[in-house]
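Here is a short briefing on the structure shown below.

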Amino acid sequence: MKGIVLSEEDGQPVIGATVSIVGTTVKTVTDANGVFTFSQWKAGDKISVSYLGMVGRTVAASKELTIRLKTDAKQLGEVVVTGIYTRKAESYTGAAATVTGKELKRVGNQNILQSLKNLDPTVYIADNLLLGSDPNAVPTISMRGTSSFPAEGRSLKSNYQHDPNAPLWILDGFETTAEHVMDLDMNRVESVTILKDASAKALYGSKAANGVIVIETKRLAGTETRVSYSGSLDLELADLGSYDMTNALEKLQVEQYEGLYTTKEPILQQKLTERYNQRYLNVLNGLNTDWMALPLHTGVGHKHNVSVEMGDARSLRAVFHVSYNDVTGVMKESYRRNLSATASLSYRRNNFLFRNILEVISNNSQDSPYGSFSDYVRMNPYWAAHDSRGNVLRYVEEAGILTAYVIGSGATSLADEVCNPLYNAVIGTSLKSTYTQVTNNFYTEWMMNHDWKTTLRIGMMRKRNDADSFYPSHHSMFQTGAYSIEPLRKGRYIMENGKSSDLSGDLNINYNHAFGQHNVFANAGYFVSESKYQAYQHIAEGFANNSVADATFARQYAKDTTPTGNASTVRDMSFLLSTSYDFDSRYLADVTLRESASSLYGSDHRWATSWSVGLGWNVHREAFMRNMGWLRQLKIRGSYGLTGNQNFDTNAAIATYRYITGYNYFGQSGALLALMPNSKLMWEQKKDLNIGFDMKAGPLNLSFDWYSADTKNMLTDVTLPGSTGFTTVKDNLGLVRNSGVELKASITPWQSKDGFVSVYGSFVYTKNKIIRLSESMKEYNERMLAQAIDIRQSAPVLMYQDGLSMNTIWAVPSAGIDPQTGREVYIKKDGTYTYVYDSSDMVAAGDATPKYRGTAGFSAEYKGFGLTATLTYLAGGQMYNATLVDRVEDADIQYNVDRRVLTGRWNHVGQVSQYKGFSSASKTLATARFVQDRNELSLSSVSAYYEFPASLYQRLRMQRLRMAVYLNNVATFSSIKVERGTSYPFARTLSFSLTASF
């Protein structure tokens, strides 16, 4: 018997398809031409053909066969795309989850990151309570807990360094960044695979400790020329539900209640009374400025994507994408605009396949010149923002605010004017940035025979960043301090530029053979890469007027500053060996070994070994389970392995010098050693143990994982004696354990040719614990304790202690507010009470890591109409409620306050209150009173769509027509009343989309 297996869509030969004679152990695979042969067969036999991503077929045996397979979108979840090779999910022992492009777009059309957050809680994207829905903020992402010390703050916008807790991103087989993923057009995405445990992520060795997320883009689906368009109109609607500020009349009531207009000096008392009467009269005349509304608007954005697919039946195929995405934020004049073009070409010649993907992205973004949203929240509503003619006022009140005061002391006095934050936006403030990125990825596949395949990949990336920030001389930042003494320094221009490049290549040879009941797969690979970046910042000051937004018109460099920047070159090389074996598709084993070297670490520890072992058992394949037709799959799996993390500063291990520019010796500049080298600096490593199972029973799909991951050799700063010439050096220390449970379930109670109903949910439990830290951390903790008593440090400091979480909230225990004095009563470690705050009494008052997280929702479709809704939740963690400190207890009464000030603050003897009385001399420091349980439920996504019937769109000579509406970030219900989005507010997104194919 001789046969050929072809793709029904494009007529291409299907290489490596499994062909077997039903009821026997005889099987083979198709060769490079899609051909298979059997020498022993008989009439009446049935031939079964299967291939990853295609619908299998069973046909009657004959001497010559031509079998055509259809592409099966459902099988995307039945395969695991690792970014190096593709494996059948049933025979895979790793913990991995696959999300299709269709599923991503079902819960949102903003970007990939937002949709992943709504679908799989393993990928934890915490709400940014500072930057909210800022379109230019790249979210912080982690998987399976925190295992590295946080990175040091960076001042450059062109920040090329990675978050040490972030996962590794792989796009079409090559490393990429979270920013690139955020800007990637969702219409290009075919699937996203999340690699969680050692067996799944050990392929990436020294970079995989934090997990790996693999993104595959779409390829040509057929042979006909097809033009597709997808567009949407996106509305950003500000969500200010977490704010509860006083109105003008209430604010005057608060000020009277707090004694702001009372003093013992008669002359000043007269002025204060006049001030109050004038403000009160303005309020009675209708002045009640809604300051929070002034910098906001409904952001109207839009995105468009056009793709063209072309190709013939045998050799040359091409896909071209052009997309434009305009994300307009809720703060006026803030936006992020991306224009991208992609060309994907593939050519098959005999046993060779050549593929090239070229992508160009141009980004143009701007932060709002209106400044921080918090500047508007604090403005008093009895202040006017415009004059009688509608012009923006530079100062909101002629006589200004009242200076610092102590109630009843008679120390209240008048002060300077208050700047109008709205004025900064109308005088030429500009905060713009751009980047251009060009990526070219080339692939070659050689099918040597039906068992052996060689793949060569070469990737190149170039990126250029520019950022320009101009603050005119009349900007409010120059109204006080040194600028009032040196007025010629007013005005500032910050110019930043950077560039980066990546060059990588790998060669992989894999072997896939089936003999009898045995299946063997092996892959050997060699990888090499080089990454470079450099970034610089120049700050100039002294501009004669507001209209000159050009650095060349500056008077000088900013006082006491010089140009700054950083640069890096990292070279990596590694060898990979991965093998898999299964017996009769029942007993499974995976072994991976990767030996890696990097210039990132000390010269004594350039090399590191990563490895994993995975075992699996397909219980449903056993003879005693075959009569259970309702059980489609029951796979038990486990894995153990070691991976590494290298998301750190390049100069952590090597000697770094800095030139001494202020002095010279016979015309030569000197240099000093700026960073102490550490030749023994090692790789940060993580050992993962994972046990889980996958089950498909009738309409129910269930996946469960338990894991425990120990991270050792954590990189952090170790304190040195000053006599060495250095205060710190990077070193390896400590052991942190992350453990938890992940459960994911879905059920389809109804499905027919007319539609379906699917209900899904997930649950994640996470526990973080420091097992061991070195003695060096004691000095760090002592510095943090000293910082905790600083009057400017109202938030808890970050400290680390064995047995506790890395995100522990440290605060002094509190017995509440003394009704007689209005002062807080603290509890010392020996159980006694005191009015005196002592940072050494701090205890672990909470853990900021939510213990429980998850999603829940449903998806339904009937005769073309579809509806999807998704909830996300978190619980079991705590938060320090900074809103109660900043807006209530320590609220500066000269500015607007939270309404809780009206009823909550202590004011007289005997009053039982939650918050102490105000005192400008005594600020609230980190106290357990404000550590609160955080439980949240969010309606994250609601979407509806309609797929027009073929009878309609075919009349228009179309192949598809679809309309959809999305509503994201609908509502959040929290056990904590805290302001969300303090610098940039959160927003709901309403989007209307249209998709059409011709």
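Arginine 336 and glutamate 179 join their side chains in a salt bridge, with N and O 3.2 Å apart. Arginine 336 sits in strand β20 (residues 335-349) and glutamate 179 in helix α3 (residues 178-183), so the pair ties together parts that are 157 residues apart in sequence. The model is predicted.

**Salt bridges**

- Arginine 336 is buried, at 5% relative accessible area.
- Lysine 635 and aspartate 694 also meet in a salt bridge, at 4.0 Å from N to O. This pair links distant parts of the chain, 59 residues apart: lysine 635 is in strand β30 (residues 631-645) and aspartate 694 in strand β33 (residues 684-697).
- Lysine 635 and aspartate 694 are both buried.
- Aspartate 754 pairs with lysine 753 in a salt bridge, with the closest N and O atoms 3.6 Å apart. Aspartate 754 is partly exposed, with a relative accessible area of 25%. Lysine 753 is exposed, at 81%.
- Shared partners join Glu179, Asp183, Arg336 and Lys463 into one salt-bridge network.
- The count of salt bridges comes to 48.

**Helix α10**

- Helix α10 (residues 882-889) is largely enclosed by the rest of the structure, because six of its eight residues are buried.
- The buried residues are Thr883, Leu884, Val885, Arg887, Val888 and Glu889.
- They pack against α7 (374-377), β43 (865-880), α11 (901-904) and β44 (931-947).
- At the start of α10, a side-chain oxygen of asparagine 881 comes to within 3.2 Å of the backbone nitrogen of threonine 883.

**Nonpolar cores**

- The largest nonpolar core holds 64 residues. Phe149, Trp291, Trp383, Tyr800 and Met842 have the most contacts inside this core.
- Elements giving two or more residues to this core include α5 (248-257), α6 (266-284), α7 and α10.
- Helix α9 gives the most, with four residues.
- A second, separate core has 24 residues, among them Val99, Ile112, Leu113 and Tyr760.

**Surface patch**

- A nonpolar surface patch covers about 920 Å². Its residues include Trp452, Leu503, Tyr526, Phe575 and Trp607.
- Strands β23 (452-471), β24 (492-515) and β25 (518-541) each give two or more residues to the patch.
- Strand β23 supplies the largest share, four residues.
- Phenylalanine 575 lies in strand β27 (residues 564-583). At 39% relative accessibility, phenylalanine 575 is partly exposed.

Key. Residues numbered from 1 in each chain as written. Predicted model: local features only at pLDDT ≥ 70, side-chain atom pairs only at ≥ 80, totals over all residues. Heavy atoms only, no water. Buried < 20%, exposed > 50% of the residue type's maximum accessible area, 1.4 Å probe, protein only. Contact = heavy atoms within 4.5 Å. Polar contact = N/O pair within 3.5 Å; in protein donor to acceptor, adjacent residues only side chain to side chain. Patch = residues over 30% accessible without salt bridge, like charges linked within 9 Å, V, L, I, M, F, W, Y side chains within 5 Å. Areas by Shrake-Rupley, 256 points an atom, 1.4 Å probe, with all protein chains shown as cover. Core = buried A, V, L, I, M, F, W, Y, C linked by side-chain atoms within 4.5 Å.
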